[in-house]
Amino acid sequence: MKEAGVSLGPTEQTVLLNSGTRMPLLGMGTFRLQGSELVSQCVEAALAHGYRSFDTAAVYGNEAAIGQALGALLPLHGLARSDVFLTTKLGPRDQGKAEAEAACLRSLEQLACGYLDLYLIHWPGTQGKPQGDKGNRERRWESWRVLEQMHHAGHLRAIGVSNYTLGHLQELLAHSRVPPAVLQVEFHPELPQRELWNFCQQHGIHLQAYASLGCGQLLGRAEVARVAERQGRTPAQVLLRWALHQGVGVIPKSVSPTRLAENAQLWGWDLSPEDMAELGMMDCSRHYCWDPSGVT
């Protein structure tokens, strides 16, 4: 396993995953981004503003539109497939050996990308099964073995998980032949997930944040506003930089070209110790999205 590390130089804002793959620390999220025209407009704006990483999932229902947009737009920007980092995820309904293999191949076909830079198990449970179902553990292990096989076959450059708790992650490491390269979780000042962050640091797993803005709820917080005023930045930029300051990747989503541009202006400045301390006082373990702690 290669040692992971973060590069924060002016021209290379990437992380070296334990698979040996480099991933941009900033990516464009695509949750709830629907419709070929809107997808194409957002991907066009993102590429124009320097985004080189795109995060989707089978359950988002937009893989085909994203694949079509990238296929059409990359040549117009003088880019090749190898210039972008593409992530998608195994849907919760597709846990299990046969289901996971079919789902992975389906995503590859939908995205028409030849290979995936990163493929994640989206959720530790199985759609349609109770969170406490004892079969959840075996099904996600079966799914992981499929991901390992697809990784060895060259279809998946890196593999990882999303929404795993510390317990889920410890179980996976105890049984895996290929360790996860990435853990994607809800991560923001009200939910800094310190124990998970420390565990990932110790085991060479890159932590990637979603819902960095607390589903928009943190943009109006007084603490965030004070830091934004001191820095001369927007509240969204402050929240995204808060994660990057800790070596955590971010995948903000927006359908606004202006917001996409603002969200990309995260380099060449940083938060002060005073800023980090003030934002650190917001920790209250609040989830705005899904809480996986009840999944067996």
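In which sense do strand E6 (residues 85-90) and strand E7 (residues 118-121) pair, and over how many bridges? Please select both strands in this predicted model. E6 and E7 pair in the parallel sense, over 4 bridges.

Helix H3, residues 97-111, touches E6 and E7, and the direction of H3 makes about 145° with that of E6.

Now extend the selection to the whole sheet. It is an open sheet of 8 strands with parallel pairing, and the order is E4-E5-E6-E7-E8-E9-E10-E11. To find its edges, select strand E4 (28-29) and strand E11 (249-250), each of which pairs on one side only. Strands of a sheet pair through backbone hydrogen bonds, either parallel or antiparallel.

The last stop is a pair of helices. Select helix H7 (residues 222-231) together with helix H8 (residues 235-245): their axes come within 8 Å and cross at roughly 95°. H7 is therefore roughly perpendicular to H8. Show the side chains where the two helices meet. From H7 come Val224, Val227 and Ala228, and they meet Pro235, Val238 and Leu239 in H8. By class, this contact of H7 with H8 has 6 nonpolar residues, with no polar and no charged ones.

Terms used. Residues are numbered from 1 along each chain as its sequence is written. This is a predicted model: local features need pLDDT of at least 70, side-chain atom pairs count only at pLDDT 80 or more; totals for chains, interfaces and linings use all residues. Side-chain values use heavy atoms; hydrogens and water are left out. Axes are lines fitted to C-alpha atoms, for helices over the stretch in contact, and angles run from 0 to 180 degrees between N-to-C directions. Angles under 35 degrees count as roughly parallel, over 145 as roughly antiparallel, 65 to 115 as roughly perpendicular and the rest as oblique. Contact means heavy atoms within 4.5 Å. Ala, Val, Leu, Ile, Met, Phe, Trp, Tyr, Cys and Pro count as nonpolar, Asp, Glu, Lys and Arg as charged, and the others, Gly among them, as polar. Two strands pair if DSSP finds at least two bridges between them.
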